[in-house]
Amino acid sequence: MVTPFSVAIVDDRLRDLELVKTKFQKIKECTILYSHTNAYHFFEHLNNTRYLPNIVVTDCQMPEIDGMALTRLIKLFFPSIQVIVISGILVESDVAELLEIGANAVIAKGSLKMLNNQCLTLAIEAIQQNKVFIDPIWNIPLVRKMLKQIQKKKDELKTPHFTRHELKILQLLATHPDYEKIADFLNISKRTVEGHVQKISEKTPDNSKKSKLMTYALKNYLIHLFRG
């Protein structure tokens, strides 16, 4: 049984955004707080509002900030928010990576278009019971196997320890390449951002410069971007 909850929705395609909104409007326990077609502006909205949703619903393939990067940012900055990713182009490896980042449910867009499909309701029920939901359109045993493989690979990498704040800056570097924008977002000076980036670089094997730092961070699962 679903209990009352609030939701915020982001999808760069207006038609798909309206589809998702319509589905949630049919759930009487749901309050839609706000929706966006621009993930960059959506994340800034989250950072500046007093009204955080219980659940964020996001597409995956979007310009500026994709759904995988957005999920990572939300889990770093707002860990209490649950995330549902709804996409029409994911494969099992993408679903596994989303779950590893912390996504609470992954649903195929095609499922929302099917009459009487219960995936959305089942996802919300699972989330409210602190469970993960995977749309059965994907091979769930394969997803779970791939998730274990990612976790094993991360353990084997023996990556240096990065603080939560450093991980936030790393992910922001992937989506907000301008130091001044990162400084504004974190409410710190540009020089402070540069100092953090230098400390992060010093932890990498070759004291990587910014471009190589992003490659290192991707290879070591420190940042996440959708590459589909």
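Q: What does the side chain of D11 reach, and at what distance?
A: In this predicted model, the D11 side chain comes to 2.9 Å from the backbone nitrogen of R13. For a polar contact, the N or O atoms have to be within 3.5 Å.

Q: Where does D11 lie, and is it buried or exposed?
A: Buried means under 20% relative accessible area. D11 has 2% relative accessibility, so it counts as buried. You'll find D11 in the loop between β1 and α1. Setting aside neighbours within four places in sequence, D11 is in contact with D16, L17, H36, T37, D59, M62 and K109.

Q: Moving on to helices, which residues of α6 are buried?
A: Start with the general idea: an α-helix has 3.6 residues a turn, so residues three or four places apart point the same way. Now the case here: in α6 (residues 119-128), the buried ones are C119, L120, A123, I124, A126 and I127. Looking down the axis of α6, these fall within an arc of 160°, so they line one face of the helix.

Q: What do the buried residues of α6 pack against?
A: Their partners are β1 (5-10), α1 (14-25), β4 (82-87), β5 (105-108), α5 (109-112) and β6 (133-134). Just past α6, N130 has a positive phi of about 60°.

Q: How many residues of α4 are buried?
A: Nine of the ten in α4 (residues 92-101), so the rest of the structure largely encloses this helix.

Note on methods:
Residues are numbered from 1 along each chain as its sequence is written. This is a predicted model: local features need pLDDT of at least 70, side-chain atom pairs count only at pLDDT 80 or more; totals for chains, interfaces and linings use all residues. Side-chain values use heavy atoms; hydrogens and water are left out. Buried means under 20% relative accessible area, exposed over 50%, partly exposed in between (1.4 Å probe, protein chains only). Helices (H or I, at least four residues) and strands (E, at least two) are DSSP runs, numbered from the N terminus. The arc is that of the directions from the helix axis to the C-beta atoms. Contact means heavy atoms within 4.5 Å. A polar contact is a pair of N or O atoms within 3.5 Å; within protein, one must be able to donate a hydrogen and the other to accept it, and residues adjacent in sequence count only if both atoms are side-chain atoms.
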